[in-house]
Amino acid sequence: MSFLSLLGLGTKATATTATAATTPAAGAPAPFRLTDAEWQKRLSPAAYRVLRREGTEAAGSSPLNAEKRKGFYHCAGCDLPLFSSDTKYESGTGWPSFHTPLPGALGTKTDFKLILPRTEYHCARCEGHQGHVFNDGPRPSGKRYCNNGVALKFVPAST
Ligand SMILES: [Zn+2]
C-alpha cells in the first residue's frame with residue numbers, strides 16, 4: 001500500500017468520527033435495542049444496574065457532580081446526547097442535576113417504588129433509566145432532573 005492511500009484512509013476515518021460525535025438530539029430518535037445479555041456485556045456493572053435495572057447510585061459518588069466544563073451529557077448506554085452543560089446546576093443533592101433536557105431526548109413514566117409516585121425518566125433511544133424529575137428546580141423550567149452520573153458520559157465541547 002502506498003503512503004498516499006494510507007493518508008487518504010486516515011483522513012476519511014477522522015472526518016466520519018467528528019461528525020457523529022457532535023450531532024445533538026433532534027426529534028424522536030430511532031430505537032436502539034439490545035438483549036439483556038448484550039447490555040451486560042456492553043456496560044460496566046454499575047451502569048447496567050442503573051440503566052437496565054432502574055437502580056440508583058450512592059449520593060455524592062459521581063465525578064460528574066463537580067463537572068463544570070462546557071459540553072454535552074450523553075446516555076452511557078447508547079451515546080444519545082441528553083443534556084447540555086448550560087442546563088446543569090448545583091442542586092445540593094449529590095446527584096448531577098439539570099433543569100431542562102435536550103428536545104426529544106427523554107421519555108418518562110410514573111413509578112411507585114417509594115410508595116409515593118415519582119416520575120421516572122429514561123433515554124428516548126435505548127430506554128435506559130437515567131433518574132427522576134421533580135418540581136423543585138430553578139427557573140426557567142421549575143424542574144429538577146436528578147440524574148445518576150454513572151448513566152451519563154460527559155463529552156466536553158471542542159474548543
Ligand atoms: Zn440511551
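In this predicted model, Asp79 lies in the loop that connects β1 with β2. Although Asp79 is not a glycine, its phi is positive, at about 75 degrees. Its relative accessible area is 32%, so Asp79 counts as partly exposed. A second residue with a positive phi is Glu54, for which the angle is about 55 degrees; Glu54 is not a glycine either. Glu54 is found in the loop between α3, residues 45-51, and β1. With a relative accessible area of 23%, Glu54 is partly exposed.

The two strands on either side of the Asp79 loop belong to an open sheet of three strands, arranged in the order β2-β1-β9 with antiparallel pairing. The edges of this sheet are formed by β2 (81-84) and β9 (152-156); each has a single partner strand, so one side of each is left without a neighbour in the sheet. On average, neighbouring strands of the sheet are turned by 30 degrees against each other when direction is ignored. Strand β1, residues 71-75, is joined to β2 by three bridges, and the two run antiparallel. Within this pair, Tyr73 stands opposite Phe83 in β2.

Tyr73 is also touched by Ser85, as are Arg69, Lys70 and Gly71, when residues up to four places away in sequence are not counted. Ser85 itself is located in the loop between β2 and β3. The relative accessible area of Ser85 is 14%, and because buried means under 20%, Ser85 is classed as buried.

A zinc ion is coordinated by the SG atoms of Cys75, Cys78, Cys123 and Cys126, at distances of 2.3 to 2.4 Å. Along the sequence, these donor residues follow the spacing C-x2-C-x44-C-x2-C. The angles subtended by the four donor atoms around the zinc ion range from 100 to 117 degrees, which makes the arrangement tetrahedral. For four donors, this class requires that all angles lie between 85 and 135 degrees. Two of the donor residues can be described further by their accessibility. Cys123 counts as buried, at 0% relative accessibility, and Cys126 counts as buried at 3%.

A further open sheet consists of six strands in the order β3-β4-β8-β7-β6-β5, again with antiparallel pairing. Its edge strands are β3 (88-89) and β5 (106-114), each of which pairs on one side only. Seven bridges link β5 with strand β6, residues 116-123, in the antiparallel sense. In this pairing, Thr110 stands opposite Thr119 in β6.

Thr119 is also a neighbour of His132: the two residues are 13 apart in sequence, while their C-alpha atoms are 5.5 Å apart in space. His132 is placed in strand β7, which covers residues 129-134. A relative accessibility of 7% means that His132 counts as buried. When residues up to four places away in sequence are left out, His132 touches Asp111, Arg118, Thr119, Glu120, Tyr121, Arg144, Tyr145 and Cys146. With one of these residues, Asp111, there is a polar contact between side chains, at 2.8 Å.

Ser97 is part of strand β4, residues 97-98. Its relative accessible area is 1%, so Ser97 is buried. The side chain of Ser97 reaches the backbone oxygen of Trp95 at 2.9 Å.

Pro140 lies in the loop that runs between β7 and β8 (144-147). The peptide bond leading from Arg139 to Pro140 is cis, with omega near 10 degrees.

Note on methods: Residues are numbered from 1 along each chain as its sequence is written. This is a predicted model: local features need pLDDT of at least 70, side-chain atom pairs count only at pLDDT 80 or more; totals for chains, interfaces and linings use all residues. Side-chain values use heavy atoms; hydrogens and water are left out. Helices (H or I, at least four residues) and strands (E, at least two) are DSSP runs, numbered from the N terminus. Buried means under 20% relative accessible area, exposed over 50%, partly exposed in between (1.4 Å probe, protein chains only). Contact means heavy atoms within 4.5 Å. A polar contact is a pair of N or O atoms within 3.5 Å; within protein, one must be able to donate a hydrogen and the other to accept it, and residues adjacent in sequence count only if both atoms are side-chain atoms. Two strands pair if DSSP finds at least two bridges between them. Axes are lines fitted to C-alpha atoms, for helices over the stretch in contact, and angles run from 0 to 180 degrees between N-to-C directions. Donors are N, O and S atoms within 2.8 Å of the metal (3.2 Å for Na, K and Ca); water is not among the atoms, so sites may look incomplete. Four donors count as tetrahedral if all angles lie between 85 and 135 degrees; four count as square planar and six as octahedral if opposite donors are over 155 degrees apart and all others between 65 and 115; anything else is irregular.
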